[in-house]
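Subject: Structure for you to look at

Hello,

The structure I promised is below, with the sequence. My notes on it follow.

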Amino acid sequence: MDVNGVGWIAAIIIGGLAGWLAEMFMKSNMGIFMNIILGIVGAIVLNAILNALNIGIFGVGWIAYLITGFIGACLLIFVGRLVRR
């Protein structure tokens with residue numbers, strides 16, 4: 001996996017933390033499994049968006065992955081709320 005210089009085990013842990021932070025920030029109510037999924041998928045989605053816009057990534061390492069996962073998870077929660085309406 002090695003996204004942003006983070007291995008797959010660290011990606012799960014950091015993704016869970018990013019998803020949990022996004023859940024608290026967006027006042028959402030999901031379980032730990034969804035937090036992990038949101039954090040990891042959010043980081044992947046935001047990296048793809050940034051690469052498509054030719055902006056690049058926020059950096060390399062676990063802090064950059066945490067920031068990317070948090071912002072990406074917030075975006076996914078926001079889009080999910082729009083779709084449900």
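Accessible areas here come from the Shrake-Rupley method with a 1.4 Å probe, and for residues only the protein chains shown count as cover. On that basis the chain exposes about 5300 Å², and carbon and sulfur atoms supply 74% of this area.

Two remarks on the source. This is a predicted model, in which local features need pLDDT of at least 70, side-chain atom pairs count only at pLDDT 80 or more, and totals for chains, interfaces and linings use all residues. Residues are numbered from 1 along each chain as its sequence is written, and side-chain values use heavy atoms, with hydrogens and water left out.

Overall fold

The chain has 3 helices and 0 strands (DSSP runs, numbered from the N terminus: helices are H or I of at least four residues, strands are E of at least two). From the N terminus the order is α-α-α. The radius of gyration is 12 Å, close to the 12 Å that the globule rule gives for 85 residues, so the chain is as compact as a globular protein of that length. The radius is taken over C-alpha atoms, and the rule is 2.2 Å times the number of residues to the power 0.38. Along the principal axes, the C-alpha atoms fill a box of roughly 35 × 30 × 20 Å.

Of the 85 residues, 38% count as buried (buried is under 20% relative accessible area, exposed over 50%, partly exposed in between; 1.4 Å probe, protein chains only). Among contacts (heavy atoms within 4.5 Å) between residues at least 6 apart in sequence, 70% join residues at least 24 apart.

How the helices meet

The axes of helix 1 and helix 2 come within 6 Å and cross at roughly 100 degrees. That makes helix 1 roughly perpendicular to helix 2. Axes are lines fitted to C-alpha atoms, for helices over the stretch in contact, and angles run from 0 to 180 degrees between N-to-C directions; under 35 degrees counts as roughly parallel, over 145 as roughly antiparallel, 65 to 115 as roughly perpendicular and the rest as oblique. Residues of helix 1 in this contact include G15, G16 and G19, and those of helix 2 include N35 and G39.

The axes of helix 2 and helix 3 also come within 6 Å, crossing at roughly 95 degrees. Helix 2 is therefore roughly perpendicular to helix 3. Among the residues making the contact are G42 and L46 of helix 2 and G69 and G72 of helix 3.

G72 is buried, with a relative accessible area of 1%. Leaving aside neighbours within four places in sequence, G72 is in contact with G42 and L46.

Cores

The largest nonpolar core has 7 residues: A11, I14, A18, I40, A43, Y65 and L66. Helix 1 (8-25), helix 2 (32-52) and helix 3 (62-84) each give two or more residues to this core, and helix 1 gives the most, with 3. Apart from it lies another core of 6 residues, including A22, L38, A73 and I77. A nonpolar core is a set of buried Ala, Val, Leu, Ile, Met, Phe, Trp, Tyr and Cys residues joined through side-chain atoms within 4.5 Å.

Two single residues

K27 sits in the loop between helix 1 and helix 2. Its phi is near 50 degrees, a positive value in a residue other than glycine, and K27 is exposed at 71% relative accessible area.

I44 is in helix 2 and counts as partly exposed, at 42% relative accessibility.

Regards
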